[in-house]
Amino acid sequence: MRDLITVQGMVLSVMPMGEYDKRLVLLTRERGKITAFARGARRPKSPLLAAANPFVFGSFSLYEGKNSYNLAHASLLHQFTELAPLQPGVWYGFYFLEVADYFGREYTDEREMLNLIYLALKALLRPGADNALVRAVFELRTLVIQGEYPDVFCCQNCGAKENLAAFSRAAHGTLCTSCRRTAGDAQSLGGAALYALQYIVASPPGRLFQFTLAPKARDELCRIVHTYFRAAVDRPFKSLEILQKSL
Ligand SMILES: [Zn+2]
């Protein structure tokens with residue numbers, strides 16, 4: 001008799017299998033990223049019909065097999081069905097899931113990542129949401145959680161904490177006015193974008209998506225974060241390609 005375990009988490013991706021089944025990738029608090037099969041989930045009257053969809057948060061009861069899990073039942077906390085009709089918002093959402101899948105591993109602690117995705121999806125649903133800003137916050141904070149983020153609190157050349165005026169990906173952080181020439185890829189950094197970088201790295205999770213930026217500072221922040229993020233990952237993301245085509 002196999003054991004039934006219950007995990008808290010969310011559905012990152014769903015693949016149809018055979019005629020009636022689905023293969024799910026789940027990000028969970030207790031087991032990290034795992035694969036689970038939802039037998040019969042494509043039948044119209046299946047009790048797993050609602051649970052076996054991307055963006056679903058809840059608790060999942062699973063039978064543990066040798067190499068994978070079988071979903072027995074689920075109780076849903078949040079389905080994010082409001083996201084589906086939002087264009088291009090829903091593609092930002094799929095991108096966040098793909099990034100979580102990229103970094104997720106079995107048996108790692110995914111609580112912070114789960115919380116970040118939940119907050120980022122909520123932020124996309126706000127009326128008038130600045131999706132590009134939500135994406136930049138999500139990308140940089142993901143790198144913070146993964147421990148691969150730039151130092152934006154002092155000059156990477158001389159250690160000064162003041163007059164930070166540029167950002168260099170190669171130097172992994174900020175540079176002061178005297179040292180900005182030491183990095184060939186240094187980009188100018190205005191005060192608002194600098195403050196936003198520091199805020200995203202250091203603020204408590206619940207406050208992450210609670211600020212706005214004027215368009216110029218927002219574009220500066222996004223450019224810096226996207227360039228840094230792209231260099232930190234070793235493959236393109238499919239959902240990002242779709243997102244860019246939809247803009
Ligand atoms: Zn310096």
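**Exercise 1. Find the handedness with which helices α4 and α5 cross, and describe their contact.**

Solution. Step 1: the crossing of α4 and α5 is right-handed. A crossing counts as right-handed if the near helix is turned clockwise from the far one by less than a right angle, and as left-handed if anticlockwise. Helices (H or I, at least four residues) and strands (E, at least two) are DSSP runs, numbered from the N terminus.

Step 1: the contact draws on Ala192, Ala193, Ala196 and Leu197 of α4, together with Ala217, Glu220, Leu221 and Ile224 of α5. Two residues are in contact if their C-beta atoms, placed from the backbone, lie within 7 Å.

Step 2: sorted by class, this contact of α4 with α5 holds seven nonpolar, no polar and one charged residues. Here Ala, Val, Leu, Ile, Met, Phe, Trp, Tyr, Cys and Pro count as nonpolar, Asp, Glu, Lys and Arg as charged, and the others, Gly among them, as polar.

Step 3: now the geometry. The axes of α4 (residues 191-202) and α5 (residues 215-232) come within 8 Å and cross at roughly 50 degrees. That makes α4 oblique to α5. Angles under 35 degrees count as roughly parallel, over 145 as roughly antiparallel, 65 to 115 as roughly perpendicular and the rest as oblique. Axes are lines fitted to C-alpha atoms, for helices over the stretch in contact, and angles run from 0 to 180 degrees between N-to-C directions.

A word on the model: it is predicted, local features need pLDDT of at least 70, side-chain atom pairs count only at pLDDT 80 or more, and totals for chains, interfaces and linings use all residues. Residues are numbered from 1 along each chain as its sequence is written.

**Exercise 2. Trace the closed barrel: in what order do its strands run?**

Solution. Step 1: five strands run β1-β2-β3-β5-β4, with mixed pairing. Neighbouring strands of this sheet are turned by 50 degrees against each other on average, direction ignored. Two strands pair if DSSP finds at least two bridges between them.

Step 1: follow the pairs. A hairpin through three residues joins β2 to β3, and these strands pair in the antiparallel sense over seven bridges. Leu27 has Lys33 in β3 as its bridge partner. Then β4 (residues 57-64) and β5 (residues 69-78) pair in the antiparallel sense over eight bridges, with Gly58 partnered by Leu76 in β5.

Step 2: Helix α2 (residues 111-125) lies across β1, β2 and β4, at about 60 degrees to β1.

**Exercise 3. Which strands stand at the edges of the open sheet?**

Solution. Step 1: this sheet of three strands has the order β7-β6-β8, with antiparallel pairing. β7 and β8 (187-188) stand at the edges with a single partner strand each, so one side of each lacks a neighbour in the sheet.

Step 1: β6 (residues 164-168) is joined to β7 (residues 173-176) by four bridges, and Ala166 stands opposite Leu175 in β7. The two strands form a hairpin with four residues between them, where His172 in the turn has a positive phi of about 60 degrees.

Step 2: β6 and β8 pair over two bridges, with Phe167 opposite Gln187 in β8.

**Exercise 4. Classify Val14 and Glu241: is each one buried, partly exposed or exposed?**

Solution. Step 1: Val14 lies in β1. It counts as partly exposed because 17 C-beta neighbours lie inside 10 Å.

Step 1: Glu241 lies in helix α6 (residues 238-246). With 12 other C-beta atoms within 10 Å, Glu241 is exposed.

Methods: A residue is buried if 20 or more other C-beta atoms lie within 10 Å of its own, exposed if 12 or fewer, and partly exposed in between; C-beta atoms are placed from the backbone.
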